[in-house]
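Here is a short briefing on one protein model. Please have the sequence and the structure open as you read.

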Amino acid sequence: MADDKPETILTSVKKFISIPLDDSTFDPEIFAYIQSASADLNKLGVGKSIPFTENTTYSDFWADTDTVETKNMVPAFFGLTVKGLFDTPTTGKQGDMQNEGLKLITFNLSISNNAVPADIEEDKE
């Protein structure tokens, strides 16, 4: 029988960074990075500012104003943000690729929710 419970954000991120789901050794560290990424998303106008638990799902996080495009990008944003902080790339090229991917997602999220990230706004001056 299939498990009908929605996937938690913690579970989603652990899959993204290839941590076995039954290994909770790094959960506190990963969870802290998830909370930090959530705050970054909130600054972009994405999601609700809510207290996170290990059981928080994407459905809990979504704001009424989040678009389908936004919802499709957020899991990658969480994954890339946590991966960059938790599992630092071993080569400069890997790090550059991760950072460029995260910048692109951040920019697209800002467009999707009609927000302008602070660093882009500063470039206009």
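## The loop between H2 and H3

Threonine 56 sits in the loop that connects H2 and H3. The model is predicted: local features need pLDDT of at least 70, side-chain atom pairs count only at pLDDT 80 or more, and totals for chains, interfaces and linings use all residues. Numbering starts from 1 along each chain as its sequence is written, and side-chain values use heavy atoms, with hydrogens and water left out.

- Threonine 56 is buried, because its relative accessible area is 5% (buried means under 20% relative accessible area, exposed over 50%, partly exposed in between, with a 1.4 Å probe and protein chains only).
- A polar atom of the threonine 56 side chain lies 2.9 Å from the backbone nitrogen of threonine 53.
- Threonine 56 touches Thr8, Ile9, Ile50 and Pro51, not counting residues up to four places away in sequence (contact means heavy atoms within 4.5 Å).
- Threonine 57 is also placed in the loop between H2 and H3.
- Threonine 57 has 8% relative accessibility, so it counts as buried.
- Leaving aside neighbours within four places in sequence, threonine 57 contacts Pro6, Glu7, Thr8 and Ile9.

**Overall fold**

- The protein chain has 6 helices and 0 strands (helices are DSSP runs of H or I with at least four residues, strands are runs of E with at least two, and both are numbered from the N terminus).
- Along the sequence the pattern reads α-α-α-α-α-α.
- Of the 125 residues in the protein chain, 36% count as buried.
- Take the contacts between residues at least 6 apart in sequence: 56% of them join residues at least 24 apart.

**Nonpolar core**

- The largest nonpolar core has 25 residues, and Ile30, Ile34, Phe61, Val74, Phe78 and Leu109 touch the most other members (such a core is a set of buried Ala, Val, Leu, Ile, Met, Phe, Trp, Tyr and Cys residues joined through side-chain atoms within 4.5 Å).
- At least two residues of this core come from each of H1, H2, helix H3 (58-61), helix H4 (68-86) and helix H5 (92-112).
- H4 gives the largest share of this core, 7 residues.
- In soluble globular proteins, nonpolar side chains tend to be buried together.
- Leucine 109 touches Leu41, Leu44, Val46, Thr70, Met73, Val74 and Phe77, not counting residues up to four places away in sequence.

**Helix H4**

- The 19 residues of H4 should span 27 Å at 1.5 Å a residue, and the end C-alpha atoms are 28 Å apart, which agrees (the expected span is 1.5 Å times one less than the number of residues).
- H4 bends by about 30 degrees at valine 74, and proline 75 follows within four residues (the bend is the angle between axes fitted to the seven residues ending there and the seven starting there).
- Buried residues of H4 include Thr70, Met73, Val74, Phe77 and Phe78.
- The cover over the buried residues of H4 includes H1, H2, H3 and H5.
- Glutamate 69, found in helix H4, is exposed because its relative accessible area is 53%.
- Glutamate 69 and leucine 109 are 40 residues apart in sequence, with their C-alpha atoms 8.1 Å apart in space.

**Aromatic pairs**

- The structure holds 7 aromatic pairs (rings of Phe, Tyr and Trp, the last by its six-membered ring, pair if their centres lie within 6.5 Å; planes under 30 degrees apart count as stacked, over 60 as edge-to-face and the rest as tilted).
- The rings of phenylalanine 52 and phenylalanine 78 have centres 6.5 Å apart and planes at 55 degrees, so this pair is tilted.
- The pair links distant parts of the chain, 26 residues apart: phenylalanine 52 is in the loop between H2 and H3, phenylalanine 78 in helix H4.
- Phenylalanine 52 and phenylalanine 78 are both buried.
- Phe52, Tyr58, Phe61, Trp62 and Phe78 form one aromatic cluster.

**The loop between H1 and H2**

- Aspartate 22 lies between helix H1 (9-16) and helix H2 (27-43), in the loop.
- Aspartate 22 is exposed because its relative accessible area is 74%.
- Aspartate 22 and threonine 11 are 11 residues apart along the chain, and their C-alpha atoms are separated by 9.8 Å.
- Serine 18 lies in the loop between H1 and H2 and, at 62% relative accessibility, counts as exposed.
- Phi of serine 18 is near 60 degrees, a positive value in a residue other than glycine.
- Most residues other than glycine have a negative phi.

Notes: A polar contact is a pair of N or O atoms within 3.5 Å; within protein, one must be able to donate a hydrogen and the other to accept it, and residues adjacent in sequence count only if both atoms are side-chain atoms.
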